[in-house]
Every structure is written in C-alpha cells, then in structure tokens.
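Please read them alongside the coordinates.

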Amino acid sequence: MSNLLSIILSFSSIFLLIAADEASNTLNILMPDATAKHVDDYLCTAFKMDEDQPTYITAFNPSASSKDAHHMLVFGCSEPGSSDKIWNCGEMSHSNDHSGQNYATGPTCASGSTIIYAWALDADKTELPKDVAFKVGGATSIKYLVLQVHYANIDKFEAGETDRSGLILTTSPVALPKTAGVLLLSTDGEMAPHSLEVFEVACEIEQNIEMHPFAFRTHAHKLGLVNSGYRVRGEDDDQEWTEIGRRSPQLPQMFYPTENDVTIKQGDYVAAACTMYNTQSHVVRIGQTGNDEMCNFYMMYWVDGDELLREDVCTSPGPPSYYFRNNQYLNVDKIPASAFRIPPPPNGPAPGEPIQGGHHMMMQHKTKPRRREYRNKYVF
C-alpha cells in the first residue's frame, strides 16, 4: 500500500511539474548583441513563429533600459524586412555620416505589418486579461515577430559593449477564446516656436466588428503634455465622446488599463488628441528622432473569435492642416474639456511635480480650462 502511494505521489509530482512548466512558457524576443553606431538608430531583428500551430501571447515583460533604448516596438509580419540577423529599419539613413553603417537597410516588414506591442521610459510588465491573447504563427498571417529598437544613447557601444534589449513574452499552451489586437492613432504636423498646440486624429470604423478596448498607451517625446483617446458615437447634438484613456506621455509608457467599459462598433469613430507645448525657439515637426515629436495613441482591444481590425493604423496630417473641426461628422462642442488636461496620478504627475525638462504642467490644476477657437485651433 505504501509503495502504491509512493508511486501515485511520484506521478502526481511529475504531472504538477509538467503542468507548471506548460503554464509558464516563455518566448525571448531580444536583440542578438546589436551595436548601434548613431544616436537615433533604429535596428530590427526577426523571430520566425511556429508554422504548424499558433502561439498565444498573454504577457510582455520588458528587458531593457531607457538609458539605451528610447523605445521598442514589436511588429507582426508576414515577411520580415530583411533576412539578415539584424538590419537598419529606420528612416534615418545618415547619408552625410562617413562612419558608415553596421547593417544593411530595410523596412520593418516586407509584407503584412501589424503592431503588437510598444514600450518606452522603463515601463513595467503588461499582462493581458483572462482568456485574451495575441494569436501569432500557425495559420495566421503573422509568420514572424520583428523587434524594433530605437537607440537614444550609444555610450555603451562606444565602450565596446553590445545590446540585448527586448521582451520576454509569456505564452499559453492552450488556445484562448478572445484575440487581442492594437489600433494605432498617430499624426503628422508641426508646431510653432513657444506655442501650445493640439495634434488631432480621427477615423471611422467601417468594418463590421465589435472591439472591447482594455488597455491604452500614449507616446510623445519631450514636448508632450497629455494624450487622450475617445470613442465617438452618434451625430450632431446627440454625439457622445467616451474616454478610452488619457495620460501624460512623460510617464513610463506601457499599456495601462482603461477605466471605462467601452465597446466600439461599425459606424463609431475613434479619435485621439495630443496636447504639446513647444518650449523651443524653432518649429518642431513630427519625425523619427528624439529632437522631433510624435503624437501616438495606442488602443489595445479584444474580440470574440479571430477577426481583428483590418485597418489598424489611423493617421492625420496634423496641424496646421488638420483639426477635428475639419471633419463634418465630429461635433467639437462635445469634446470633454478634460481631453486637453493632464490627469491626476497615476496617469499624471503628482501636484507640483515638474515635467518637460523642469517646466511645470500648466494645465494640471485648473478646474475648468477656458477654451476658445481661433483659426481652427484650441487656445487655452
């Protein structure tokens, strides 16, 4: 009897170890000892997914430091932009730099590009909700994951070191019923010296789909004050702007949970606004380098089943060419006043905390900022 019990316990222990191992599968998406030669280099590396069965990603654990990486992106690709182990995948060609390049140049994806994850400013781990996963590999169109790292500092490389920045992904060994996707809203545009500017973008959801946003991420560079995203539903005086997320882009840039239970359907608009203050004495434009700016709002969502949003990037020309006022279907009088205000902690800094290189956040503590329209701009 005692021998039988020992055998049962032994098998139970083995089963538990196997179960624990299966429940904690990981996938390392790391730079393979990359070397950047210039500040603002964008380097990419690809990881082939299992073709026979899909992989279900349930968490993203960063392994990087903002001392080296300005930001990281993970793309899903049908084909990567290069067959090289590492390639230069940024728009900055350094054509006037005679020091040359370590790597050949190519796009992030040669075909089938979709954004899966983004990270910056030493953000922490992101875990997806129960029963939700990014589905890649297998019969999906995502045959490769491509890691892109934007390098902000090259001191370590000049000292002879290499880089293994990236992410450790948690995967599920079993299929999950809800599929995750990401919608990116971004703008082009520019802002005048010493001016407050709002960059705006909106797109109608034309696909027959029902999306459930559960997390959001904001991204700007040094001049960003607050980025906000909204679902816009209805027309004219009955139109409602429901907040998806609002956060200062000067804080760690991971995906944060949405506070409102929002469903987005065909016919709704998704809109985003980035409020910035240009402290410089020159025009600042949207661009790739740390001296340029970016207005990005990422919305992570889930759907029942496998069908995700096909048009997963929404863009606008930005100021001075485009504002919400240019879209006849958007009632700007319905935009919440809070859209252009920096939120309280945890999505904004503590009261009195300086940001933007020591400049105080000018709109943080006003109870209701005054807004008037002038030549299609909002002036606070």
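1. In this predicted model, strand S17, which covers residues 224-233, is joined to S18 by 7 bridges, and the two run antiparallel. Within this pairing, Asn-227 sits opposite Arg-247 of S18.

2. The S17-S18 pair belongs to an open sheet of 4 strands, ordered S15-S21-S17-S18 and paired in antiparallel fashion. The edges are taken by S15 (196-204) and S18 (240-247); each has a single partner strand, so one side of each lacks a neighbour in the sheet. On average, neighbouring strands of this sheet are turned by 20° against each other, with direction ignored.

3. How many disulfides does the model contain? The count comes to 4, taking a disulfide as a pair of cysteine sulfur atoms within 2.5 Å. With the bonded cysteines of the chain numbered in sequence order, the pairing reads 1-3, 2-4, 5-8, 6-7.

4. Cys-44 is bonded to Cys-89, with 2.1 Å between their sulfur atoms. The link of Cys-44 and Cys-89 is right-handed, with 85° about the S-S bond. Cys-44 belongs to strand S2 (residues 42-48), while Cys-89 is in the loop between strand S6 (87-88) and strand S7 (109-111), so the bond ties together parts 45 residues apart in sequence. Which side of the burial cut-off do these two cysteines fall on? Buried means under 20% relative accessible area. Cys-44, at 0%, is therefore buried, and so is Cys-89, at 9%.

5. Cys-77 and Cys-109 make another disulfide, with their sulfur atoms 1.8 Å apart. Is the disulfide of Cys-77 and Cys-109 left-handed or right-handed? The torsion about its S-S bond is about -50°, so the disulfide is left-handed. The bond links distant parts of the chain, 32 residues apart: Cys-77 lies in strand S4 (residues 69-77) and Cys-109 in strand S7. Cys-77 counts as buried, at 0% relative accessibility. Cys-109 is also buried, its relative accessible area being 12%.

6. A further bond involves the sheet of point 2, through S21. Here Cys-274 is joined to Cys-295, with an S to S distance of 2.0 Å. The link of Cys-274 and Cys-295 is right-handed, with 80° about the S-S bond. Where do the two partners lie? Cys-274 is in strand S21 (residues 269-277), and Cys-295 is in the loop between strand S22 (284-285) and strand S23 (296-304); the pair links distant parts of the chain, 21 residues apart. Both partners fall under the burial cut-off, Cys-274 at 0% relative accessibility and Cys-295 at 1%.

7. A separate remark concerns Ala-175, found in the loop between strand S12 (166-172) and strand S13 (178-187). Is Ala-175 buried or exposed? Its relative accessibility is 54%, so Ala-175 counts as exposed, given that the class begins over 50%. The C-alpha atoms of Ala-175 and Ala-133 are separated by 8.6 Å, although these residues are 42 apart along the chain.

Definitions and conventions. Residues numbered from 1 in each chain as written. Predicted model: local features only at pLDDT ≥ 70, side-chain atom pairs only at ≥ 80, totals over all residues. Heavy atoms only, no water. Pairing = 2+ DSSP bridges. Axes fitted to C-alpha atoms, helices over the stretch in contact; angles between N-to-C directions. Buried < 20%, exposed > 50% of the residue type's maximum accessible area, 1.4 Å probe, protein only.
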